[in-house]
Amino acid sequence: MRLGIRLLFAFFLINGIAAFFVLRVFMAEIKPSVREVMEDMMVDTANLLAEVASDDLASGQLARDASQSRFAQRVRHYATRPIDAGIWGFSKQSLDFRVYVTDHSGRVLFDSENHAVGADYSQWRDVARTLRGEYGARSTRDVESDDTSGVMHVAAPIYVDERIAGVLTVAKPTRTVQRFIDRAERKVFMGGLLLLALSAAVGVGVTLWMVWNVRRLRDYALSVQGPADSEQGTLPAQPLAVPEVPGELGDLARAMDRMRARLQGRDYIEGYVRALTHELKSPVAAIRGAGELLQDELPAADRAAFATQVVQQSERLQRLIDRLLELSKLEQRQHAEGRAPVALHDCAAAAIVHTQGRAAQRGMALVLSGRGHSGPWEAELITLAIGNLLDNAIDFAPPGSTVRVELDGTTVAVQDEGPGVPDYALPRLGERFFTTARPGGERSGSGLGLAIVQRVMVLHGGHMQVHNTAPGLRVTLDLGR
């Protein structure tokens, strides 16, 4: 399972559990909270009405004819009052209190709804507890099987001469506040869903951010491997950029960069040594073999041939070392140091002058055509690159042929008349120590010439292209600016 899916799963699991319990607590608390507020208001109302009814109860008017008492008349007037109140978006058009009064024995003396007068309510919890001097309240369903038919009753004692002479009870159906409860539950539920959605969005965002940074680190770690470059002992074309990530991931990225630098240096040296050892074996073996033979008595012609071989192989070693030093210097640099504009024609002309001697020895002609542009290049490196291309062309082209240097804008093309390069080898030209057989079958090159050219192009932001032209090979350098 991928990291992002695991993080999302864990986040949604935790968030879902938390939301479930939080919503459950809120939803479970709404109904009792509303009823508690309702009961609190009914306590105040019951005690206020008990004070109003105390005079009629003390005078015996409620016991003789409750309907003619002043208290009863006021309660009935209350029940018939017109009302149209807007309460937080709900319209209230009826008054819902039921009021009844019992004497000290629990017999109902007055009932605002006129259907319980004379009934014995002494066993009802609101009346019985209040007559004992305790707080009396109850909630009773009008229909036993209907939870919405509940009615809340709250009682208050009626005092006459500082003794409990009766009980006044205020009753209110719970359905009158059910719509407020339902609306509050809907709001809490919708708010919970919105919070869950926002939390999910935040979780997705955090997960994507985390996965993105982790993938950047992963890609960076994969790019550090550089398997092809490590095997050839070469450095990457450009320095790897350390991903900018915050916090501990940033510390990890910097630690990986330090590790990359150490590993890259080690791999670079190991590859360098392996390749150099391989290239040195042939000339060293040739010099040793010729030296051993020179210790014996040989004809003058053979002695001269072996001596020439020693000199040639020594020169080969010298060229190998010189080019390795040149390539090593180039690989330690990150960019060219061109300042003033440099004419491409001047660089090509200088390279031809440097290689004219070798070409003359083989009876070859070097021809320069075109003018080329000027640019902010490093003249010494451009001259070095063109010179290496000319050296390769002189090595591979047949004696007496012509090597052409063609300039066009920011491009330099070196065209020879040799046999070209096998198609399978074209992609590998420019790798360190990779060589192909000379026309005569010998394999005396170091494979460093085109590697130096490739590195010079990288430092200048250009690129090298190689094409077979049948006959010959065409190498084009595009400086691109």
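Reader: Which helix gives the most to the lining of the largest cavity?

Author: Helix α10 (residues 379-396) does, with three residues. A helix is a DSSP run of H or I with at least four residues, and a strand is a run of E with at least two, both numbered from the N terminus. This is a predicted model: local features need pLDDT of at least 70 and side-chain atom pairs count only at pLDDT 80 or more, while totals for chains, interfaces and linings use all residues. Residues are numbered from 1 along each chain as its sequence is written, and side-chain values use heavy atoms, leaving out hydrogens and water.

Reader: What volume does the largest cavity have?

Author: About 40 Å³. A search of the whole structure finds one cavity of 30 Å³ or more. A cavity is a set of points on a 1 Å grid, over the protein atoms alone, where a 1.4 Å probe fits but cannot get out; lining residues have an atom within 4 Å of a point.

Reader: Which residues line the largest cavity?

Author: L344, I382, A385, I386, V412, M457, L477 and L479. The lining has eight nonpolar residues, no polar and no charged ones. Ala, Val, Leu, Ile and Met are among the types that count as nonpolar.

Reader: Why does T476 count as buried?

Author: Its relative accessibility is 15%. Buried means under 20% (exposed is over 50%, partly exposed in between, with a 1.4 Å probe and protein chains only). So T476 counts as buried. T476 lies in strand β14, residues 473-478. T476 touches T411, V412, A413, H463, M464 and Q465, not counting residues up to four places away in sequence. Touching means heavy atoms within 4.5 Å.

Reader: What is the order of the strands in the open sheet of five strands?

Author: The order is β4-β3-β7-β6-β5, with antiparallel pairing. The edge strands are β4 (108-111) and β5 (137-141), since each pairs on one side only. On average, neighbouring strands of this sheet are turned by 25° against each other, direction ignored. Helix α3 (residues 70-79) packs on the sheet, touching β3, β4 and β7, and its direction makes about 35° with that of β4. Axes are lines fitted to C-alpha atoms, for helices over the stretch in contact, with angles from 0 to 180 degrees between N-to-C directions.

Reader: How do you know that β3 and β7 pair?

Author: Strands pair if DSSP finds at least two bridges between them. β3 (residues 98-103) and β7 (residues 163-173) have six, in the antiparallel sense. R98 stands opposite A171 in β7, and V101 has L168 there as its bridge partner. β3 also pairs with β4, antiparallel, over three bridges. On that side V101 stands opposite F110. The hairpin of β3 and β4 has four residues between the strands, and there G106 takes a positive phi near 95°.

Reader: Why is β3 largely enclosed?

Author: Six of the six residues of β3 are buried, so the rest of the structure largely encloses it. In a regular strand the side chains alternate between the two faces of the sheet. Both faces of β3 are covered: R98, Y100 and T102 are buried on one side, V99, V101 and D103 on the other.

Key:
1 Å grid on protein atoms, 1.4 Å probe; cavity = no way out; pocket = protein on both sides within 12 Å on 5 of 7 lines; lining within 4 Å. Points joined across faces, edges and corners; volume = space filled by probe spheres on them.
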